[in-house]
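Visitor: I'm new to this one. Can you walk me through it?

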Amino acid sequence: MIFDLFCSFEKNRLVYNAVESGIIGFMIIGLVLLGITALLLFLGIARRVFSNFGVPYLLAFVIVGVLIGSAFIPAFDIGRVSVNAAGFIAPLTFSVMFLLLAKRRREVWYAIVASSSTAAVYAAVLLLISPITSVTVTVISAGFLCGAVAYLVGRTELSALAAVFAGLPIGEVVSSIVGYFSLGRGITLGTAATFDTVILAAVFAVVLSEAISAIRRTMNTRNKKIVLEAEAAEEFDPDEYKRYFDE
C-alpha cells in the first residue's frame with residue numbers, strides 16, 4: 001500500500017516535471033495571484049501591507065517582478081537533481097530577506113519555528129495527500145493549510161511570509177528525498193506545484209492576518225465604546241437633579 005502511494009506520488013512528480021519543460025507549466029495560480037498583487041501595488045492598495053513587513057514600495061515591485069520572471073525560467077538538471085528557479089531558488093532567496101527583517105524586529109525565532117512547522121505540514125501533504133488526488137487539489141489544500149499554519153505559529157505577517165518562503169521548498173525537498181530512498185528516483189529541488197503553493201500560502205497568510213487584525217480592531221473599538229458609556233453612566237448622579245423636581 002505504502003509502496004503504491006510512493007509510486008503514484010513519483011508518477012505525478014514526473015508528469016509535473018515534464019510539463020515544466022514548457023517553461024511556466026502549471027504555474028497559473030501563482031502567476032494570477034502575483035498579477036493581482038502587482039495591480040494592487042500599482043493602485044497603492046497593497047502599499048500598507050508591504051510597509052508592515054518593512055519592505056519599501058519599490059522593493060515590493062522588485063519582489064513581485066522577480067517571482068513572476070522566475071516562472072519563465074525552465075527547470076534544469078544537475079546530475080540526478082532537478083532544480084526549479086520559481087519553486088526553489090526564488091522562494092529561498094526571499095526567505096533569507098524575510099528572516100533578516102524578522103531578526104531586526106526580534107521575530108526570528110517565531111519565523112524559524114513557523115518555517116519548521118510549515119515544512120513538516122507541506123511534506124506530509126505531498127507524501128499523504130498528493131498520491132491520492134490531483135495536482136490542483138494538492139496545491140489548493142496545501143496552500144490554505146500551510147498559509148494558516150505559518151501565520152498561526154509565526155504570529156506576525158513577516159514571520160508567516162518567512163515561514164512560507166522557507167518552509168515549503170524545504171518540505172518539498174524532504175518529500176523528494178523520501179521518494180529517492182524509497183524508489184531510487186532523482187531528487188527534485190522545487191516544482192511548479194511548489195511555486196503555486198508558495199504564492200497561494202503567502203497570499204492567504206497575509207489575508208488571514210489582515211482579517212484577524214480587522215476583527216481585533218472592531219472588538220477593541222466596541223470595548224472602548226462600552227467602557228466610555230459605562231464611565232458616563234457612573235458619572236451621572238440622579239440625586240443631583242432630584243432637587244429640581246422637588247422644588
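Guide: Let's start with R155. R155 counts as exposed, at 55% relative accessibility. Exposed means over 50% relative accessible area, buried under 20%, and partly exposed in between, using a 1.4 Å probe and protein chains only.

Visitor: Before we go on, what kind of model is it?

Guide: This is a predicted model: local features need pLDDT of at least 70, side-chain atom pairs count only at pLDDT 80 or more, and totals for chains, interfaces and linings use all residues. Residues are numbered from 1 along each chain as its sequence is written, and side-chain values use heavy atoms, with hydrogens and water left out.

Visitor: Okay. Where does R155 lie?

Guide: R155 lies in the loop between α7 and α8. Helices here are DSSP runs (H or I, at least four residues), and strands are runs of E (at least two), numbered from the N terminus. R155 also has a positive phi of about 75°, although it is not a glycine.

Visitor: And R106, where is that found?

Guide: R106 is found in the loop between α5 and α6. R106 has a positive phi too, about 60°, and is not a glycine. R106 counts as exposed, at 77% relative accessibility.

Visitor: Let's go inside. How many residues has the largest nonpolar core?

Guide: The largest nonpolar core has 48 residues. Such a core is a set of buried Ala, Val, Leu, Ile, Met, Phe, Trp, Tyr and Cys residues joined through side-chain atoms within 4.5 Å. F53, V55, L67, F98 and F165 have the most contacts inside this core.

Visitor: Which elements give two or more residues to this core?

Guide: They are α2 (28-43), α3, α4, α5, α6, α7, α8 and α9. Of these, α9 gives the most, with nine residues.

Visitor: Tell me about V55. Buried or exposed?

Guide: V55 is buried, because its relative accessibility is 4%. V55 lies in the loop between α3 (47-52) and α4 (57-70).

Visitor: What does V55 touch?

Guide: Not counting residues up to four places away in sequence, V55 touches F50, A60, I63, F98 and L101. Contact means heavy atoms within 4.5 Å. V55 and M97 are 42 residues apart in sequence, and their C-alpha atoms are 9.8 Å apart in space.

Visitor: New topic: rings. How many aromatic pairs are there?

Guide: The count comes to four aromatic pairs. Rings of Phe, Tyr and Trp (its six-membered ring) pair if their centres lie within 6.5 Å; planes under 30 degrees apart are stacked, over 60 edge-to-face, and the rest tilted. One of the pairs is F98 with F165: the centres are 5.4 Å apart and the planes at 55°, so the pair is tilted.

Visitor: Which helices hold F98 and F165?

Guide: F98 is in helix α5 (residues 85-104) and F165 in helix α8 (residues 157-183), 67 residues apart. Both F98 and F165 are buried.

Visitor: And how are the rings of F144 and F204 set?

Guide: The ring centres of F144 and F204 are 4.9 Å apart and the planes are at 90°, so the pair is edge-to-face. F144 lies in helix α7 (residues 135-154) and F204 in helix α9 (residues 192-235), so the pair ties together parts 60 residues apart in sequence. F144 is partly exposed, with a relative accessible area of 38%. F204 counts as partly exposed as well, at 23% relative accessibility.

Visitor: On to charges. How many salt bridges are there?

Guide: The count comes to one salt bridge. E210 forms a salt bridge with R48, and the closest N and O atoms are 2.8 Å apart. The rule asks for a side-chain nitrogen of Lys or Arg within 4 Å of a carboxyl oxygen of Asp or Glu.

Visitor: What parts does that pair tie together?

Guide: E210 lies in helix α9 and R48 in helix α3, so the pair ties together parts that are 162 residues apart in sequence. E210 counts as buried, at 17% relative accessibility, whereas R48 counts as partly exposed, at 45%.
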